[in-house]
Amino acid sequence: MTTILGLDPSLSCTGWGVLRSEGSRISHIANGQIKTDAKAPMAARLSHLITALDAVIAEHDPDRAAAEEIFVNKNPQSTLKLAQARGAVLAACGARGLDVREHAARSVKKAVVGTGAADKEQVQAMLKVLLPNAVLVGADAADALAVAIADAHLSYTPNGR
């Protein structure tokens, strides 16, 4: 049995989701979103991300984490802010000794929906099928759960192979 923390890093709202994976079965534990104040200085926003994520890790004690790989936006400033938020999230995991596996967005969508070209609505619809008892707190939390599911599926090998 493995507990996986899925992460969807963002400066404005980082999504997180925790699930338990046992063989090919998955079950929802918790999900949430960490929002930062857009008017706060960058250092304060990043510090808030680290502190809030540390509390999530302390509460749920995951075995590992999984995060979506960074993508390059058309706007370089947006890419830079995403990279800084992602760095804070990875640092919070590293401080707790968590191994962080990274997955491309297309791989996450393919693992959850069956096609790498799926849109957000398709991913969220599949989450309702895969995790029927989960109450999703928002789109970013849903994305984080999708990352955790993808990590569980991509790591699963039948018969231990």
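Colleague: Between which elements is the loop that holds Asp61?

Modeller: This is a predicted model: local features need pLDDT of at least 70 and side-chain atom pairs count only at pLDDT 80 or more, while totals for chains, interfaces and linings use all residues. Residues are numbered from 1 along each chain as its sequence is written, and side-chain values use heavy atoms, with hydrogens and water left out. Helices (H or I, at least four residues) and strands (E, at least two) are DSSP runs numbered from the N terminus. In these terms, the loop with Asp61 lies between α1 and β4.

Colleague: Does Asp61 count as buried or exposed?

Modeller: Relative accessible area decides this: buried is under 20%, exposed is over 50%, and partly exposed is in between (1.4 Å probe, protein chains only). Asp61, which has a positive phi of about 45° although it is not a glycine, has a relative accessibility of 59%, so it counts as exposed.

Colleague: What is the order of the strands in the open sheet?

Modeller: Two strands pair if DSSP finds at least two bridges between them. The edge strands, β3 (25–35) and β5 (100–103), each pair on one side only. The sheet has 5 strands in mixed pairing, and their order is β3-β2-β1-β4-β5.

Colleague: What does the twist average from one strand to the next?

Modeller: Axes are lines fitted to C-alpha atoms (for helices, over the stretch in contact), and angles run from 0 to 180 degrees between N-to-C directions. From one strand to the next, the twist averages 20°.

Colleague: Which residue in β2 stands opposite Leu7?

Modeller: A hairpin through 4 residues joins β1 to β2. These two strands pair in the antiparallel sense over 7 bridges. Within that pairing, the residue opposite Leu7 is Trp16.

Colleague: Which residue in β5 is the bridge partner of Ala66?

Modeller: Strands of a sheet pair through backbone hydrogen bonds, either parallel or antiparallel. β1 and β4 run parallel and are joined by 4 bridges, with Ile4 having Arg64 in β4 as its bridge partner. β4 (residues 64–68) and β5 also pair in the parallel sense, over 4 bridges. There, the partner of Ala66 is Arg101.

Colleague: How many of the 7 residues of β1 are buried?

Modeller: In the chain, 42% of the 161 residues are buried. β1 is largely enclosed by the rest of the structure, because its buried residues number 6 of the 7.

Colleague: At about what angle to β5 does helix α2 run?

Modeller: Helix α1 (residues 42–60) lies across β1 (2–8), β2 (13–22) and β3, and runs at about 155° to β3. Helix α2 (residues 76–95) lies across β1, β2, β4 and β5, and its angle to β5 is about 145°.

Colleague: With which residues is Leu53 in contact, leaving aside its neighbours within four places in sequence?

Modeller: Contact means heavy atoms within 4.5 Å. With those neighbours left aside, the residues in contact with Leu53 are Leu5, Leu7, Ile34, Val89, Ala92 and Cys93.

Colleague: What is the relative accessible area of Ala139?

Modeller: Ala139 lies in helix α5 (residues 139–155). Leaving aside its neighbours within four places in sequence, Ala139 is in contact with Gln33 and Gln124. Ala139 is partly exposed, because its relative accessible area is 38%.

Colleague: What radius of gyration does the chain have?

Modeller: The radius of gyration is taken over C-alpha atoms, and the globule rule is 2.2 Å times the number of residues to the power 0.38. The C-alpha trace spans about 50 × 35 × 30 Å along its principal axes. For 161 residues, a compact globule would have a radius of gyration near 15 Å, which agrees with that of the chain, 15 Å.
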